[in-house]
Amino acid sequence: MSLLQVRKVTKRFGGLTAVDDVSFDVFEGTIKALIGPNGAGKSTLFNALTGFDRPDSGSVVFAGAELVGRRPRDTVRAGVARTFQNTQLFDELTAGENVMVGRQARQRRGFTAALLRLPSALAEDRDARAEAGRLLRLIGIEEWVDVPAADLPAGIRRLVEIARALATGPRLLLLDEPAAGLNATESRELVQTLYRVRDAGITVVIVEHHMGLVMEVSDEIVVLDRGRKIAEGPPRMIQKDPAVIAAYLGEGGDDDD
Amino acid sequence: MGGRTLRALAPLAAVAVVALLPLVVTDRFLLKVFTFAGINALVVVGLALLFGHAGQVSLGHAAFVGLGAYASAYCTVRLGWPWPVGFAVAGALAALGGLVLAMPSLRLKGHYLAMATLGFGELMALTFQEAEPVTGGVDGFGGIPFPSLGPLEVGDAAALYWLVWAVVGVAVLAAYNVTSLRPGRAMRALHGSVPGAQASGVDVVGVKVRTFVVSALLAGLAGALYAGVVGFISPSVFTLTASVTFLAMAVLGGTGSLAGPLLAAVLLTLVQYIDALIPGLPQEASQTIQSYREDIYGLAIVLVVIFAPRGIAGLWSRRGGRGEAA
């Protein structure tokens with residue numbers, strides 16, 4: 001069943017069309033990859049899907065509801081979580097507290113409840129702490145829980161950001177270059193993490209340059225080049241697609257069309 | 001374990017010292033100095049939330065203190081309302097001012113926000129001067145009665161001290177609850193990364209607005225207490241210099257902490273009255289210290305930023321950026 005329907009999404013910046021009439025579906029319980037040369041429009045598309053950028057035209061339907069025009073906060077509360085190409089952790093908080101902040105997308109108790117230290121606020125706090133511990137264990141980085149984010153190695157930062165995104169309780173998780181900055185061992189562990197996330201019933205879309213990882217984990221791949229979708233299909237098909245090969249080999253080439 | 005016990009006992013010891021001080025310090029002027037320290041501490045608790053946790057700079061907090069002071073003076077003197085009502089109106093009016101100042105903070109940050117808040121502060125300072133029918137203009141507003149709770153007038157130096165510090169105590173407790181739970185993490189989150197906070201479902205606008213409002217409210221209450229303690233207010237009190245002093249206290253105290261800014265507020269207030277604290281101090285020395293006061297603050301801030309970016313709080317907590325260091 002199609003969880004996310006991207007339809008004719010276009011985003012322009014001045015004269016540049018960063019995303020040009022892109023459509024695709026993401027099916028529930030699958031891992032989909034968005035690939036393409038630098039500047040293909042992958043991150044812009046992510047921003048358009050998560051309320052950080054409003055597309056100029058097109059529609060994004062998630063679980064039957066239109067996402068275009070919603071703010072980031074409403075998008076994440078609707079069940080779409082994301083990470084960033086440049087990790088956006090909270091440096092003054094520990095790894096565990098970073099993940100607890102993600103839980104805020106699901107929390108109801110407000111400022112006054114906290115100010116009066118009402119039992120409901122304390123219960124929510126305990127729940128967030130427990131959930132953060134559980135997610136850090138799921139990802140295999142529980143030993144970093146009390147370390148300030150500012151002191152975390154780059155690879156662990158990426159994984160903490162994934163844990164934080166999972167804490168929002170998403171049905172769809174968008175990961176922007178999760179393997180960037182990871183060493184070979186960490187990349188292998190990331191693959192296992194992605195499978196665990198998918199097996200937990202969460203649909204995943206990744207933007208990634210690490211082709212080995214993309215070909216291994218994804219059920220389907222969308223290839224973007226200069227804002228347009230040039231191919232879509234399972235990994236084996238994409239690897240043989242002449243348009244894809246041309247886009248990658250001809251990067252910065254002179255074959256304008 | 002010893003360190004943990006110490007940390008658990010430190011707040012109790014601090015409360016005991018503050019509560020029992022008037023039994024030891026009987027000099028009325030000195031007691032007033034510690035009362036002023038409490039009034040400044042109340043403003044700085046608000047700034048510890050706004051600046052120390054949410055990372056929003058305000059160079060206009062003296063305006064909220066002034067708003068609270070004039071509101072309370074007007075309610076008690078001109079309208080003849082009971083002091084607690086004037087106190088509440090002072091907080092509410094300052095909170096409203098905080099709501100107004102929160103608007104630019106939604107679009108501006110860093111130096112631009114500093115400039116916007118500075119502009120707000122100057123505008124309010126000018127208003128205090130020009131709104132003569134209400135504020136008394138440059139001549140000031142006198143004859144403000146002591147605070148009173150029902151039939152009980154709080155006029156005695158020790159009683160004023162206790163009233164002020166009781167309000168500080170409630171404010172610190174509320175601020176501790178806020179910073180140690182979800183709202184505090186949200187504040188520090190938007191200080192760290194706004195996109196990250198948005199992607200985590202944090203209500204960025206709501207957190208900023210609430211923090212500004214609470215911070216302004218505390219400053220307004222401090223203003224009402226100041227008016228009651230001194231009995232006379234004039235525009236020359238609520239100036240940029242005062243705003244800078246409050247911010248200096250918050251910066252020196254350190255980010256992510258409440259105890260650090262509180263201590264800094266007390267220490268920097270005492271510097272202003274150094275001659276009263278050290279009776280043997282030659283007058284020249286105290287005059288020198290007074291005339292270079294702002295320079296001393298400035299130098300202290302520079303030194304803190306270079307050598308101890310987490311402020312006083314960072315000196316006792318190796319992990320200065322934590323909310324639990326309160």
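Reader: Is K8(A) buried or exposed?
Author: K8(A) is exposed, because its relative accessible area is 52%, where buried means under 20% relative accessible area, exposed over 50% and partly exposed in between, with a 1.4 Å probe and protein chains only. Before we go on, this is a predicted model, in which local features need pLDDT of at least 70 and side-chain atom pairs count only at pLDDT 80 or more, while totals for chains, interfaces and linings use all residues. Residues are numbered from 1 along each chain as its sequence is written, chains are lettered from A and ligands numbered from 1 in the order in which they are written, and side-chain values use heavy atoms, with hydrogens and water left out.

Reader: Where is K8(A) found, and which residue does K8(A) form a salt bridge with?
Author: K8(A) is found in strand β1 (residues 2-13) of chain A, where helices (H or I, at least four residues) and strands (E, at least two) are DSSP runs numbered from the N terminus. Its salt-bridge partner is D21(A), with the closest N and O atoms 4.0 Å apart; a salt bridge is a side-chain nitrogen of Lys or Arg within 4 Å of a carboxyl oxygen of Asp or Glu. D21(A) lies in strand β2 of chain A and K8(A) in strand β1, so the pair ties together parts that are 13 residues apart in sequence.

Reader: And what is the phi of D21(A)?
Author: D21(A), which is not a glycine, has a positive phi of about 55 degrees, and K8(A) also has a positive value, near 50 degrees. For background, most residues other than glycine have a negative phi.

Reader: How many salt bridges does the structure hold?
Author: Over all chains the structure holds 17 salt bridges. One of them joins R171(A) and E28(A), with the closest N and O atoms 3.2 Å apart. R171(A) lies in the loop between α6 (154-167) and β7 (172-176) of chain A and E28(A) in the loop between β2 and β3 (31-35), so this pair ties together parts that are 143 residues apart in sequence. There is also a network of salt bridges that links K32(A), E220(A), K229(A) and E232(A).

Reader: Changing topic, why is helix α1 of chain A called largely enclosed?
Author: Helix α1 (residues 42-49) of chain A is largely enclosed by the rest of the structure because six of its eight residues are buried. Those residues are K42(A), T44(A), L45(A), F46(A), A48(A) and L49(A).

Reader: Over in chain B, at what angle do α2 and α11 pack?
Author: Helix α2 (residues 28-53) and helix α11 (residues 240-253) of chain B pack at about 60 degrees, with their axes 9 Å apart; axes are lines fitted to C-alpha atoms, for helices over the stretch in contact, and angles run from 0 to 180 degrees between N-to-C directions. Among the residues that meet there are V44(B) and L47(B) in α2(B), and F246(B) and A250(B) in α11(B), contact being heavy atoms within 4.5 Å.

Reader: Which helix gives the most to the nonpolar patch?
Author: Helix α4 (residues 83-105) of chain B does, with four residues. V205(B), another member of the patch, is found in helix α10 (residues 204-230) of chain B.

Note on methods:
Patch = residues over 30% accessible without salt bridge, like charges linked within 9 Å, V, L, I, M, F, W, Y side chains within 5 Å. Areas by Shrake-Rupley, 256 points an atom, 1.4 Å probe, with all protein chains shown as cover.
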